[in-house]
Amino acid sequence: MTWKRCRGLVASDLWRHAGRLGAGMFWSRFLSTPGFRYTAVLRFYAYARTAGWCQVGLRQMTVLLLHRYSIRFGIDISRDARIGSGLYIGHFGGIVVNEGVVIGNNCNISQGVTLGQQNRGARAGCPVIGNNVYIAPGAKIIGRVQVGDHAAIGANAVVVNDVAPHTTVGGVPARPISDNGSEGYVNRTDYPPVPAE
């Protein structure tokens, strides 16, 4: 990952949290918002992993910071998960994301969410989350499940089957309950373009 892309990803996350950009807003949110702090360090790790000058000391320090924040804030997003721009973690605590998970752009993840791996059966693997998806508190998405763009996962839902685009699902196991999707939940997606890799 280039430094320009890393900055673009952090800026997109900041825009989703604050609706504004700038150094003052970055430090304000970094110091006061645990979800943004974790994602900013996660983005920097992705850069430090590939930058030659970060290999001695800085990458290891970033890993230690992520570990510390995992314990302190209850957010355990694997460093190897592929996450698009505009990640929004509104409330921290009990968030677990497996290393094989793919998350699209502008995803909202609430507290108590698990995006996990299933180890056997027809759905063995990890979830793939589309763009502009809202995942409500306590939701669990387990196995090789495709969640379509603009979908919404209801509170405490257990998703074990694919979710169509523009659909709201809820229940255990999750079933479609509405065609509204994430409309009204995923906001501030008009940030400046993020440079490609």
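Predicted model: local features only at pLDDT ≥ 70, side-chain atom pairs only at ≥ 80, totals over all residues.
Reader: Why is Ala 151 called buried?

Author: A residue counts as buried when its relative accessible area is under 20%, and Ala 151 has a relative accessibility of 0%, so it is classed as buried. Ala 151 belongs to the loop between β11 and β12 (152-153), and among the residues it touches, leaving aside those up to four places away in sequence, are Asn 132, Tyr 134, Val 163, His 166 and Gly 181. Its C-alpha atom is separated by 9.9 Å from that of Ser 178, which is 27 residues apart from Ala 151 along the chain.

Reader: What makes Ser 70 count as buried or exposed?

Author: The relative accessibility of Ser 70 is 18%, and the limit for buried is under 20%, so Ser 70 counts as buried. Ser 70 is part of helix α4 (residues 58-73), and its contacts, with residues up to four places away in sequence not counted, are Tyr 38, Ile 75 and Asp 76.

Reader: Why is helix α1 said to be largely enclosed by the rest of the structure?

Author: Of the 16 residues of α1, 12 are buried, and therefore the helix is described as largely enclosed. The buried residues include Arg 5, Leu 9, Asp 13, Trp 15 and His 17, and their cover includes α2 (23-32), α3 (34-50), β3 (88-89) and β6 (108-109). Just after the helix, Gly 19 adopts a positive phi of about 80 degrees.

Reader: How do you know that the length of α1 agrees with what its residues should span?

Author: The expected span is 1.5 Å times one less than the number of residues; for the 16 residues of α1 (residues 3-18) this gives 22 Å, and because the end C-alpha atoms are 22 Å apart, the two values agree.

Reader: What makes β2 and β11 the edge strands of the sheet?

Author: The sheet is open, has 4 strands in the order β2-β5-β8-β11, and is paired in the parallel sense. Within that order, β2 (82-83) and β11 (146-147) each pair on one side only, and they are the edge strands.

Reader: Why are β5 and β8 called paired?

Author: Pairing requires at least two bridges between strands, and β5 (residues 102-103) and β8 (residues 128-129) are joined in the parallel sense over 2 bridges, so they meet the requirement. Val 102 has Val 128 in β8 as its bridge partner.

How values were computed: Residues numbered from 1 in each chain as written. Heavy atoms only, no water. Buried < 20%, exposed > 50% of the residue type's maximum accessible area, 1.4 Å probe, protein only. Contact = heavy atoms within 4.5 Å.
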